[in-house]
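Visitor: Hi! I'm new to this one and would like a quick tour. Can you walk me through it?

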Amino acid sequence: MRKAGIGAIDKKRLMEARLKDHGEEIAAEQLKQLSTSLETFRVKLQEFAMKHKNEIRKDPEFRRQFQEMCASIGVDPLASSKGFWSDMLGIGDFYYELGVQIVEICMANNHKNGGIMPLEELFHRLVKSKGSTASQGLATDDVLRAIEKLKILGNGFSIIQLDRGRILIQSVPGELSLDQNQVIKAAQQNASITLLELKVKLGWQEDRSRKILNDMVAGGLAWIDTQTGASNSDILYWFPSLFNANINTL
Amino acid sequence: MIWVDDNDQSCSMRLHLSLVVLIEEQRHGAGNSPKIMLHLAPPRPSAISVQVSSASHLKFSFRKGGMVEFSRRLTDQIARKRWQNFGGPQNSAGQSGFRIGIAGIERKLQTEQKGVNQQISHAFEDLNSLMKAAKDTVALSKILVTKVKNRQGEITDDETTQLKSYLLSLGVDDPVTREASRSDNIYFQKLAKEISANLTIPLKESGGLMTLTDVYCRVNRARGLELVSPEDVLRACRLMKAMRLPTELKIFESGVIALELRDFSETVVIKKTQEALEVSPLTADMLAKTLGVSVILAKEMLLLAEKQGVACRDESIEGLKFYPNRFLST
């Protein structure tokens, strides 16, 4: 039962103040606990780094495992170059350098493919530019992780998933529309497509197909080939980003 | 495992994985590319008429890398023995036990392989215990973060700052750390100064604007070692304005982020674009070449000019082209 009057109010105030004091104590206690816990962790990480630094640099499987575990506990070892992980394991440099090389390769090829490149081609070009010894332990998983990191620099990079595990890397701003995505998927097999094929495969009206394809030509994603036939529905639209030949002629 | 001829898709070879007795990795020596050697059991007679090789081993050479990944996948597949579920050819070699001679060598190789595997599993064990330690620390830090969010006066500013720096070095992704634009962080201030000092001249040369992706590449190329992460670059650039450095961050409507010179204003951009347009109508590509900026930025400049009524667009299959706006100039 609560009593009325000034005495009761005073009592309540006192109680609140005490609770607050207590809360502060707990928070300070926890912060202290965190800092000791952090210190033990740092020592552990140091030990780990001394023993396994090379493995993490050389073995892509080990690296993948490491990244997955970090993700599962809600930690991003690549977030800051100043963090423990980068500092002691040197894992940051590996990915950041990869990022720089990815940007350079994509920029150098933008005029050819309109800013879209298959992951395999990017990977091959990376291996070529790094040299065979330096790229011995490189996996496509690493490339994708490095690209994920680049995204925050202003919607420049995105990853496009195609059927059968094929992946395209887009290195220019502006996401592909849903329709454009479908066109690329439909054109995957031959790296090219006609209005007629789009009608068969996606059931699109000619107007819709032509609009999408012309947009893609204007954006540099597709090339027109009129030599195959006289009628409009025979015009071939080629997608340089899907050329397998790009890889073989490297 | 199936090989297909690049030029003639109908020509192919296959190897049933059940025939693989042992995988042996040969690390690269001087001038040698790394190789994987597969020791094979003799093939069983096949019902289908195909040509069968009687070779007892097979070598893969990796001139351009990728060996480690290939080897991992292959070992993985062989360990799973999926063919047993399909009633395919059974591996009889494994049951017959070891003989002397070549089999003896194989056995020796196998024990060696075991040693290597053990070493790797040790590493994974260590990784596991490391992650356990990290997990506890992260959990504790998250409890504190919720406290900060609720902010019932329980935590002082000093403590918040301390917590933020803990979270940062641990790499915990949290809004609290991300919005830590408080200028008390010396590291980012230093980085901001470094970026600004290194890029002022290149920025002047490239017309006063540069995408942040370019900035990231240039900063890291200049450093060579101890590279900085994309997040750090972005964070440092955010601080520039408050620090009154000669460069600062600019975010375009399209989401493109760039670094620009402080004394570089929009009117200058528009005037430059206008002058270039008077010479000839331009696409983003062409403007990029004329002014020496990246194509992405050239497009932003043209859109800006259009918005101010200086340029007119011509949208066709040949791409987006801009003309000077004659409607307003008369």
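**A first look around**

Guide: Let's start with one residue: Arg221(B) counts as partly exposed, at 44% relative accessibility. Keep in mind that this is a predicted model.

Visitor: OK, what does Arg221(B) form a salt bridge with?

Guide: Its partner is Glu104(A), and the closest N and O atoms of the two are 2.8 Å apart. The pair crosses between chains, with Arg221(B) in helix H6 (residues 212–223) of chain B and Glu104(A) in helix H4 of chain A.

Visitor: What about polar contacts between the two chains, how many residue pairs?

Guide: Between chain A and chain B, 4 residue pairs are in polar contact, counting pairs with both residues at pLDDT 80 or more.

Visitor: Which helices of chain A supply at least two residues to the side that touches chain B?

Guide: Those are helix H1 (6–58), helix H2 (60–72), helix H3 (84–89), helix H4 (91–113), helix H6 (140–150) and helix H9 (206–218) of chain A. H1(A) gives the most, with 19 residues.

Visitor: What kinds of residues are on that side, by class?

Guide: The side of chain A that touches chain B has 35 nonpolar, 21 polar and 14 charged residues.

Visitor: And how much area do the chains bury between them?

Guide: Chain A and chain B bury about 6,300 Å² between them, and 67% of that is on carbon and sulfur atoms. The contact draws 70 residues from chain A and 70 residues from chain B.

Visitor: Let's switch to chain A by itself. What is its secondary structure?

Guide: Chain A has 10 helices and 6 strands. Of its 250 residues, 49% count as buried. The accessible surface of chain A is about 12,600 Å², with 52% of it belonging to carbon and sulfur atoms.

Visitor: What share of the contacts in chain A is between residues 24 or more positions apart?

Guide: Taking the contacts in chain A with a separation of 6 or more, 55% of them are between residues 24 or more positions apart.

Visitor: Nice. Where do Asp179(A) and Arg208(A) lie?

Guide: The side chains of Asp179(A) and Arg208(A) meet in a salt bridge, at 3.0 Å from N to O. Asp179(A) lies in helix H7 (residues 178–186) of chain A and Arg208(A) in helix H9 of chain A, so the pair ties together parts that are 29 residues apart in sequence. Asp179(A) counts as buried at 17% relative accessibility, while Arg208(A) is partly exposed at 38%.

Visitor: You mentioned helix H9. Which residues there are 4 residues apart, about one turn of the helix?

Guide: That would be Lys211(A) and Asp215(A), both in helix H9 of chain A. Their side chains meet in a salt bridge too, with 2.6 Å from N to O. Lys211(A) is partly exposed, with a relative accessible area of 49%, and Asp215(A) is partly exposed as well, at 35%.

Visitor: Which residues do salt bridges join into one network?

Guide: In chain B, salt bridges that share partners join Glu306(B), Arg313(B) and Glu315(B) into one network.

Visitor: Now a strand, please. What does Ser158(A) touch?

Guide: Leaving aside residues up to four places away in sequence, Ser158(A) touches Lys151(A), Leu168(A), Ile169(A) and Gln170(A). Ser158(A) sits in strand S2 (residues 158–161) of chain A and is buried, with a relative accessible area of 17%.

Visitor: Last topic: backbone angles. What is the phi of Ala191(A)?

Guide: Ala191(A) has a positive phi of about 65°, although it is not a glycine. Most residues other than glycine have a negative phi. Ala191(A) is in the loop between H7 and strand S4 (192–193) of chain A, and counts as buried at 6% relative accessibility.

Visitor: And Arg244(B), where is that found?

Guide: Arg244(B) is in the loop between helix H7 (230–243) and strand S7 (247–251) of chain B. Its phi is positive too, near 55°. Arg244(B) counts as exposed, at 59% relative accessibility.

Notes
Residues are numbered from 1 along each chain as its sequence is written. Chains are lettered from A and ligands numbered from 1 in the order in which they are written. Side-chain values use heavy atoms; hydrogens and water are left out. Contact means heavy atoms within 4.5 Å. Buried area is the accessible area (1.4 Å probe) that two parts lose on being put together, summed over both. A salt bridge is a side-chain nitrogen of Lys or Arg within 4 Å of a carboxyl oxygen of Asp or Glu. A polar contact is a pair of N or O atoms within 3.5 Å; within protein, one must be able to donate a hydrogen and the other to accept it, and residues adjacent in sequence count only if both atoms are side-chain atoms. Ala, Val, Leu, Ile, Met, Phe, Trp, Tyr, Cys and Pro count as nonpolar, Asp, Glu, Lys and Arg as charged, and the others, Gly among them, as polar. Buried means under 20% relative accessible area, exposed over 50%, partly exposed in between (1.4 Å probe, protein chains only). Accessible areas come from the Shrake-Rupley method with a 1.4 Å probe; for residues, only the protein chains shown count as cover.
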